[in-house]
Amino acid sequence: MLATGRAPVPDAIEPIVQAHRRHHPQADLALLARAYRLAEEGHRGQVRKSGEPYITHPLAVTMILAQLGAETTTLVASLLHDTVEDTEVTLDQVAADFGPEVAYLVDGVTKLEKVDFGAAAEAETFRKMLVATGDDVRVMVIKLADRLHNMRTIRHMKPASRVRIAKVTRDVLIPLAERLGIQVLKTELEDIVFATLHPEEYARTRAVVAAHEARPEELLQPFAETLARQLAEAGVAAEVTVRPQHCVSVHRVMLKRAAAAGADGRPQALQPADFGRLLVVVEENADCYAVLGELHTCWTPLPGEFKDFVAAPKFNLYQSLHTAVQLPGGEVAEVLVRTRQMHRVAEFGVVALGDPHQPADRPASAGPAGDELDRTDPARPGWLSRLLAWQQETPDPDAFWSTLRDTLADDGEITVVTEDGDTLHLPVGATGVDAAYLLGEETGHRCIGARVNGRLATLSTVLRDGDMVAVLTAPTGEPPGPAAAWLEHARTPAARLAIERWLARPDAAPAVETGPADGHPAPPPQPQPQPAAVRGRTPVAVAGRPGTPVRLARCCTPVPPDAVTGFPIRGGAVAVHRTGCPVGERMREDGRGPLGLTWIPGAVPSNGYRVALQAEALNRPRLLADLTAAISGEGVGIFSADVEPPRDLRVRHSYTVELPGAETLPAVMRAMLRVPGVYDVYRLGAPREEGHDGAGTDPHTGAAEVAAGRNGGDPAEGGVRPSWGMHGRSAAFTGGSSPGAVGGPQG
């Protein structure tokens, strides 16, 4: 030992040292020896339920981590992880002897006392570990190794305890191992949980696997040898091996085969390829695609089975090429292709990345794959950040525990990109509601819709991986707030908690009208463009009838300073139509005497003014996205939109917008007209000027204009012709403006 220049270490940790030095040849072994001596002294005299000395547990946990390639600090903390909880050693003593970093890891995995927390101790312990993991992911790595050794010896527990521990492992620890990418821990935990909770099914599956293992390999091993020769002839250096499926994977295949009965009505039998897959390990990223080319050239690839997780890594850092090919006998074989560094990360997850606080220490042999991994933050993965965000808003232990299990039950994560270039990480099945609240609670409360891949979409739209998303919000100062129905579409706990918190407010009351922007509960008074005293007042006064309720007709959407006329409708109210509106003229012809109306200066309806606009344009890609962006850019909400099929390269877009004030209407119409390709923007609801060259002379009048005639008690008769337009040159054209004058009260 003296000849090696290395101080001797206790015999008990020699296997750990050997495993550790394979990954870290320059490790500080003296530190490990000191940690072992303190742990052995502290646990001396303690025994486990199996009757073994207690020190065997921290030794076994540390051995698991050493085999994974964990660095020295993690191993030191692992040896000491139960000392503060079960011995006289204090956290201050650990910090003084081994430093604050080791003390932090030990404290992170130390359980909370049931004396202090009662039945909530387990939930609060996991909350504590999650918070600690947010600063150092190694806390959860140690916990997973600790649980694996406890599961290996679970047979010594009482039956009730075995079931309880196995269920927590299934619902919480296994999903966490999956999210951290530590597949070797996850697969062994799955098999032990399966054997604990379903012993009979496990025994049957294990017997099937054992029978297969007893037979000579006649399919995958010969295929592996053939593929290895083919790659060698192609000049691709590769290692080809057969990867057996673990017991749970085989059981899942058995269930799948049982569900798909054959022609004779009997469940399909397992095929030799169901028991394993081929793994091809190469040196460089480019070699992965070279292997793929040889596979798809020499064997028939199965459509839909190819997945490229090299160019687009999974949320847990996993990278591989997946494919399946048909062999000459008709059998199907799955093949995984990855580099050596990808293989380490696929097996050991975040452990393979080393100390998360020292990214420079990552293996220099990482190669091109290292560039991909360097863009991740192993100390704070996206899913962990979301857990930490909502756990602060869930003080109740039972609610936290149930929400945690539901959240971890999600199978995966998607990545969407905002139109501003920001990346959002969401669980599979997330909707526009989740994206809105991920951008901030205030953004979520004010959202009214979304634009997905350039198209308007409802907030309930389920997002897919790679979508481009823009959240449309009500203008600042508009009444924000979610509707109760949003809870049906919220997938993330952060969104659900924010919505529930809003709906629980005493002053949150549902709005009278419905729709994407109308169904918001009313918030407390906020600063408005107008004085609070005039916001929400009736904007029109009826001559000689003070206090008479009025309704702004939706067929012509009057806005100050339009010339307007009133007509009595059912219930004693007065319908307000723009002068010249065909629906109003029919009401006059029906004998409903017109009433004199005047606009009340400064008065604005509670939801603003709703106005119907149409845009005539030459059809082109992204026109809808550009128009909605132009409208939103003026601080105006979009209530509805409709696009008619193109005719002769022309297209008509109809929008119903909600204005915070009448003065914003000209600016919105000018912004729409500046969109490239748009040559006319006009309002719906009254006859357009004769001789006008715009689309109003087109006999093709959309059904939207006809439907727009409905307004409460107003008759819904006939179509409504387009009215006063805003004409001028589009940003896409250099020719002269339309000869039609800008007419109408809006000018």
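## A walk through the predicted model

Let us begin with Trp502, which is found in helix α23 (residues 493-503). Helices here are DSSP runs of H or I with at least four residues, strands are runs of E with at least two, and both are numbered from the N terminus. Trp502 counts as buried because its relative accessibility is 5%; buried means under 20% relative accessible area, exposed means over 50%, and partly exposed lies in between, with a 1.4 Å probe and protein chains only. Trp502 and Gly481 are 21 residues apart in sequence, yet their C-alpha atoms are 7.1 Å apart in space.

A word on the ground rules: this is a predicted model, in which local features need pLDDT of at least 70 and side-chain atom pairs count only at pLDDT 80 or more, while totals for chains, interfaces and linings use all residues. Residues are numbered from 1 along each chain as its sequence is written, and side-chain values use heavy atoms, with hydrogens and water left out.

Now for the overall picture. The protein has 27 helices and 21 strands, and 50% of its 747 residues count as buried. Taking contacts (heavy atoms within 4.5 Å) with a separation of 6 or more, 68% are between residues 24 or more positions apart. The protein exposes about 33900 Å², with carbon and sulfur atoms supplying 53% of it; accessible areas come from the Shrake-Rupley method with a 1.4 Å probe, and for residues only the protein chains shown count as cover.

Ten of the 13 residues of α3 are buried, so the helix is largely enclosed by the rest of the structure. Among them are His57, Pro58, Ile64 and Leu68. The partners that the buried residues of α3 pack against include α1 (14-23), α2 (29-43), α10 (138-152) and α17 (340-348). After α3 comes Gly69, with a positive phi near 100 degrees.

Asn285, Cys288, Val291, Leu292 and Leu295 of α16 are buried. Viewed down the axis of α16, the buried residues fall within an arc of 110 degrees, so they line one face of the helix; the arc is that of the directions from the helix axis to the C-beta atoms. Ala286 and Thr297, on the other side of α16, are exposed.

Next, the aromatic rings. A search of the whole structure finds four aromatic pairs, where rings of Phe, Tyr and Trp (its six-membered ring) pair if their centres lie within 6.5 Å, and planes under 30 degrees apart count as stacked, over 60 as edge-to-face and the rest as tilted. One of the pairs is Phe223 with Trp299, edge-to-face at 5.1 Å centre to centre, with 75 degrees between the planes. This pair links distant parts of the chain, 76 residues apart: Phe223 is in helix α14 (residues 220-233), and Trp299 is in the loop between α16 (285-298) and β3 (300-301). Both Phe223 and Trp299 are buried. Trp599 and Tyr609 also form an edge-to-face pair, at 6.3 Å centre to centre and 75 degrees between the planes. Trp599 lies in strand β16 (residues 597-599) and Tyr609 in strand β17 (residues 609-618), so the pair ties together parts that are ten residues apart in sequence. Trp599 is buried at a relative accessible area of 19%, and Tyr609 is buried at 2%.

Finally, some backbone details. Most residues other than glycine have a negative phi, and most peptide bonds are trans. The peptide bond from Pro560 to Pro561 is cis, with omega near 5 degrees, and Pro561 lies in the loop between β13 and β14 (564-568). Thr557 is found in the loop between β13 and β14, and its phi is positive, near 45 degrees. Thr557 is buried, with a relative accessible area of 3%. Asn453, in the loop between β9 (447-452) and β10 (455-457), has a positive phi of about 55 degrees although it is not a glycine. At 42% relative accessibility, Asn453 counts as partly exposed.
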